Amino acid sequence: MEIIATILVLILSVVISGAIARALPVPLPLPVVQIGLGAFLAAIADLKVELHPDVFFLLFLPPLLFLDGWRIPKEGLLRDRETILALAFGLVVFTVLGLGFFIHWMIPAMPLAVAFALAAVISPTDPVAVSGIAARVPVPKRLMHVLEGESLLNDASGLVCMRFAVAAALTGAFSLVDAVGTFLWLATGGVAIGIGVTWGVTKVQEMVARRIGEEVGAHILVSLLIPFGAYLLADRLGCSAILAAVAAGITMSYADQSRAGLASTRVNRTAVWDTLQFAANGTIFVLLGEQIPDIIGDASEAVSEADHFDPALLAIYVLAITGMLALLRFVWAWVTLRFILFRASRQSQRVRSPGWRLLAATTLAGARGAVTLAGVLTLPLAMTDGAPFPARELAVFLAAGVIVVSLLAASIGLPFVLKGLKLPPEPSLQEKEDRARVAAAEAAIKAVTRAQRAPDARYGDGELYTEAGARVIEAYRLRIDGNTKTGDEAERARAIDRVERELRLSALRAERDELFRLRRMREISEEQARELIREIDLLETHLTAS
């Protein structure tokens with residue numbers, strides 16, 4: 001009963017956090033509000049939630065990473081692959097080396113291997129935190145795509161670096177050849193397992209759907225199980241379970257494109273995954289806040305018992321490490337950008353160089369989050385000889401402090417850096433979208449024309465098909481006409497579309513209000529009201545998403 005009650009309290013906290021974030025006069029990102037709410041819960045409720053890293057990773061990471069890989073724009077991922085890979089792998093190694101030596105220099109009592117482990121665990125960025133900030137601050141789409149792609153991949157590289165740093169701390173030995181070979185096995189094996197699991201499951205689903213039909217609930221449950229299956233299989237085979245979940249999600253997006261399913265499956269599946277994402281993301285940060293009082297207490301007690309530590313320096317250590325993280329990220333981003341521009345100039349490509357403010361935004365947007373907390377908690381409690389693992393409590397505190405400070409720095413700094421920023425023009429996708437709409441409308445007209453020639457006997461003669469088909473075709477011809485115009489005419493057509501959308505939304509809301517009134521007056525049944533309102537809700541969802 002206590003576990004169930006704790007889960008319900010956490011979910012309720014996530015719900016309340018959204019209302020608090022919207023009501024605050026100062027725009028704070030949702031993750032910061034949730035961390036504060038978690039700390040408040042720890043002070044008044046004393047939930048005493050003990051985070052087991054293995055359980056935490058298994059419960060939260062597979063579905064969230066899978067969903068990120070599923071929904072991330074693949075075109076942007078491929079277009080900026082060089083930048084993403086440089087940040088996801090090169091920056092992690094650069095951060096581990098630079099920050100590890102810095103931490104050891106600043107805190108000599110922390111062994112160099114432990115400093116490297118701490119640097120590795122705080123190197124991965126968190127897209128959830130940045131997304132929460134982006135809800136209040138208009139982060140450029142292309143920058144968000146780069147940050148999302150980076151965070152999908154750097155979790156694995158950071159945790160692998162941490163594994164070898166911990167092994168070096170326990171054994172006093174390190175082999176670069178073994179590290180590179182292990183990383184290649186982890187990465188390639190994880191990606192292959194993720195692709196294989198998703199591909200195999202979706203093929204089985206297609207075969208079953210063709211023979212006995214598609215069950216909406218079953219398909220949604222299978223989509224929820226795929227990331228856990230890929231994660232557990234990769235973990236059992238000694239591969240990167242994180243990359244397996246990411247690869248499974250990316251493969252899922254391509255599998256969706258290659259097969260046609262029921263529209264109701266897609267609508268309901270999207271709603272389920274959106275709810276799961278909101279609940280899991282929020283719970284992660286509430287749990288982080290709930291752990292902070294104990295983390296601070298353990299770190300203060302540990303440093304108070306050591307002659308070479310001063311508890312008053314804990315805040316300075318956190319600020320110094322966060323500042324060095326930002327500096328290393330800025331330097332790496334600048335060097336990477338210079339290299340990309342240099343290579344483009346060698347290939348006679350004209351690329352506009354972004355200013356320092358965009359580099360600063362890239363630096364500030366690298367907030368840390370759940371993987372950092374869970375990763376640092378995996379540090380062993382004792383050495384191989386039974387002695388306590390050196391500076392473990394301090395490392396946990398520093399990691400938690402970096403998470404909070406990086407989130408605050410992003411929420412405060414990004415609005416200032418991005419305000420009035422003129423970005424290099426991004427390639428317009430409007431022309432491609434217009435062509436796609438025209439092609440889809442032309443295909444629809446052909447299908448209606450074919451149906452007019454072969455009317456269904458259930459509906460009488462062909463005159464009904466002729467009249468109804470004319471109505472449908474006229475709507476598609478209006479769409480084609482609006483999407484084939486250029487220049488000022490195209491802008492006017494889009495303005496008309498926007499006005500029409502607003503009018504249609506007003507009409508739909510009036511329809512729904514009237515249906516609710518009719519239901520309250522008992523002039524229609526509850527079942528009729530539910531079906532009619534669902535139709536209106538689907539239409540409104542389509543209009544608001546377009």
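Reader: Which residues make the nonpolar surface patch of about 680 Å²?

Author: Ile3, Ile7, Ile11, Leu12, Val15, Ile16, Ile20 and Leu24 make this patch. Patches consist of residues with over 30% relative accessible area and no salt bridge, with nonpolar side chains (Val, Leu, Ile, Met, Phe, Trp, Tyr) joined within 5 Å and like charges within 9 Å. Areas come from the Shrake-Rupley method with a 1.4 Å probe, and for residues only the protein chains shown count as cover. The model is predicted: local features need pLDDT of at least 70, side-chain atom pairs count only at pLDDT 80 or more, and totals for chains, interfaces and linings use all residues. Residues are numbered from 1 along each chain as its sequence is written, and side-chain values use heavy atoms, leaving out hydrogens and water.

Reader: Where is Ile11 placed, and what is its relative accessible area?

Author: Ile11 is in helix H1. Ile11 has a relative accessible area of 42%, so it is partly exposed; buried means under 20%, exposed over 50%, and partly exposed in between (1.4 Å probe, protein chains only). Helices (H or I, at least four residues) and strands (E, at least two) are DSSP runs, numbered from the N terminus.

Reader: Which residues of H1 are buried?

Author: They are Thr6, Leu10, Ser13, Val14, Ser17, Gly18 and Ala21. These residues cover an arc of only 135° around the axis, which puts them on the same side of H1; the arc is that of the directions from the helix axis to the C-beta atoms. On the other side, Ile4, Leu8, Leu12, Val15, Arg22 and Ala23 are exposed.

Reader: Changing topic, how many salt bridges are there?

Author: The count comes to 3, a salt bridge being a side-chain nitrogen of Lys or Arg within 4 Å of a carboxyl oxygen of Asp or Glu. One of them joins Arg71 and Asp274, whose closest N and O atoms are 2.8 Å apart. That pair links distant parts of the chain, with Arg71 in helix H3 (residues 53-71) and Asp274 in helix H12 (residues 263-304), 203 residues apart.

Reader: What about Glu150 and Arg329?

Author: Their side chains meet in a salt bridge at 2.9 Å, N to O. Glu150 lies in helix H8 (residues 141-171) and Arg329 in helix H13 (residues 314-346), so the pair ties together parts 179 residues apart in sequence.

Reader: Is Glu150 buried or exposed, and what of Arg329?

Author: Glu150 is buried, with a relative accessible area of 1%. Arg329 also counts as buried, at 2% relative accessibility.
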